[in-house]
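Me: I've got a new model open and I'd like to learn how to read it feature by feature. Can we start with the strands?

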Amino acid sequence: MALARIVPIALVALVGATSLSAHPHHRLLPSQEASTPPPGTIAPGAKGVSGQGALRFRVVLTAAQLPEEARKVVVSAHGGFAVDHRPGKEETYFALPGAGILRMSADLKQVVLVPTAQEMKGTNLHNTAIWYGPDGAPYLTFPANDAGRVFTTSLGGELLNTLASPTGDDDLGLPSVRDYFAGGGSFAPTDVAFLEGLLYVTTGYSSLDTVLTARVSAYNPLRTAWHDLAFGGRGSGPGQFGTGHGITVPPGTRRIDVADRLYGEIDRFTRYGQYLSTLKTPAGSLPCDIDYLGRYAVIGALEGPDKSRGAPIYIYEDDRLVSSVFPKDDLGLVNFKHIHNAVLRQAGGKLYIIAQAWNPGDFAVLEQVVP
């Protein structure tokens, strides 16, 4: 297993002089911002359609349609999306540093700002998770990688709970994790998933690179506390991570999927952290997260195998790669060099991809082309 991982490591080393060397805490310099094309810019002469077979897509909405406050800061986009898939809902939530929480309507035509607490609005919220309490009440949870906090709000943006960094006094299940925080190790959460009363938190932006858990001990008011289950850790063995970036619970399962960006794979675990299996992406890819809708899954990649091209969005059907969408090269979205997050929606008999680029940041909605 370790030998098989020599190639991905070498690939990352080769691109070390590129923008990826500054990730994950990269911020654009003012001169870079000035040279970045306006959000939503589409290059003239682009093919306009990308993908294979029945899963080909075109652009239907860009960052140019975002609220002005969001449009001003989308160049710094470094987060992700969550879709409220309850019947009759289907709104999509995400956040931008400086603008706060945003909500996209179910018809994918309008994005509005959601009132956001200042401590959340002023930091980077690296992804978005939506989950539901025992009574069905919805919650949004945001990992703030720069602030070392995990924030949970209502759908209306009311801040309900802040989970601070663990300390050496917390029982986190592994002595190595306790020692890490006792020694002053940083807490840099990158994503959160909820399953059966536990929040699962990835920490791939630190040397810890372990999935931590926190128990939701009460819902009204919302209370959380660190729990004694942790798994993963940095390494090249089965169930270890090079960069544990995104975390997902596939609908209808009790499985935990972690996108290991460095090693180009999705690692799968039981809810107790026992390693199950791995879904590989094309060699040289850097997957950030995975999102499921029915038999389909979508993976946004920070880079693909061909470093001369913009990054791909992969679509899988029953774990088989069936389409690769290239927003920059085929669709002409000039700022989509790196894909940081993508989710799937279905509406009117068509699939939609909601995607976000990083460095520079941008935003777009892609619609399936149906004959």
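Reply: Two strands count as paired if DSSP finds at least two bridges between them. Keep in mind that this is a predicted model. Take the hairpin of β5 and β6: six residues lie between the strands, and leucine 108 takes a positive phi near 65°.

Me: How many bridges join β5 to β6, and which way do the two strands run?

Reply: Three bridges join β5 to β6 (residues 111-113), and the pair is antiparallel.

Me: What about β4 and β5?

Reply: β4 (residues 92-96) also runs antiparallel to β5, with five bridges joining them. Alanine 95 has isoleucine 101 of β5 as its bridge partner. In this hairpin there are three residues between the strands, and glycine 98 has a positive phi near 100°.

Me: Is β5 largely enclosed or open, and why?

Reply: Start with burial, which here means under 20% relative accessible area. Four of the five residues of β5 (residues 100-104) are buried, so the rest of the structure largely encloses the strand.

Me: Now cores. Which residues touch the most other members of the largest nonpolar core?

Reply: The general idea first: in soluble globular proteins, nonpolar side chains tend to be buried together. Here the largest nonpolar core has 22 residues, and those touching the most other members are Phe57, Ile313, Ile315, Val325, Phe336, Ile353 and Leu366. The elements giving two or more residues to this core are β2 (55-62), β21 (313-317), β22 (320-325), β23, β24 (350-358) and β25 (362-368). β24 gives the largest share, four residues. Another core lies apart from it, with 21 residues, among them Leu66, Val73, Ala99 and Val343.

Me: What is isoleucine 315 in contact with, beyond its neighbours within four places in sequence?

Reply: Its contacts of that kind include Leu55, Phe57, Tyr296, Arg320, Val322, Val325 and Ile353.

Me: Last one: how much space lies in the largest pocket?

Reply: About 740 Å³. Of the 33 residues lining that pocket, Val83, Ile130, Thr248, Val249 and Pro251 are the closest to its centre. Strands that each supply at least two residues of the lining include β3 (82-83), β7 (129-132), β15 (244-248) and β23 (338-347).

Me: And what classes of residue make up the lining?

Reply: Sort them by class and you get 20 nonpolar, eight polar and five charged residues in the lining of the largest pocket.

Notes. Residues are numbered from 1 along each chain as its sequence is written. This is a predicted model: local features need pLDDT of at least 70, side-chain atom pairs count only at pLDDT 80 or more; totals for chains, interfaces and linings use all residues. Side-chain values use heavy atoms; hydrogens and water are left out. On a 1 Å grid over the protein atoms alone, a cavity is a set of points where a 1.4 Å probe fits but cannot get out, and a pocket is an open set with protein on both sides within 12 Å along at least five of seven lines; lining residues have an atom within 4 Å of a point. Grid points are joined across faces, edges and corners, and a volume is the space filled by probe spheres set on the points. Ala, Val, Leu, Ile, Met, Phe, Trp, Tyr, Cys and Pro count as nonpolar, Asp, Glu, Lys and Arg as charged, and the others, Gly among them, as polar. Buried means under 20% relative accessible area, exposed over 50%, partly exposed in between (1.4 Å probe, protein chains only). A nonpolar core is a set of buried Ala, Val, Leu, Ile, Met, Phe, Trp, Tyr and Cys residues joined through side-chain atoms within 4.5 Å. Contact means heavy atoms within 4.5 Å.
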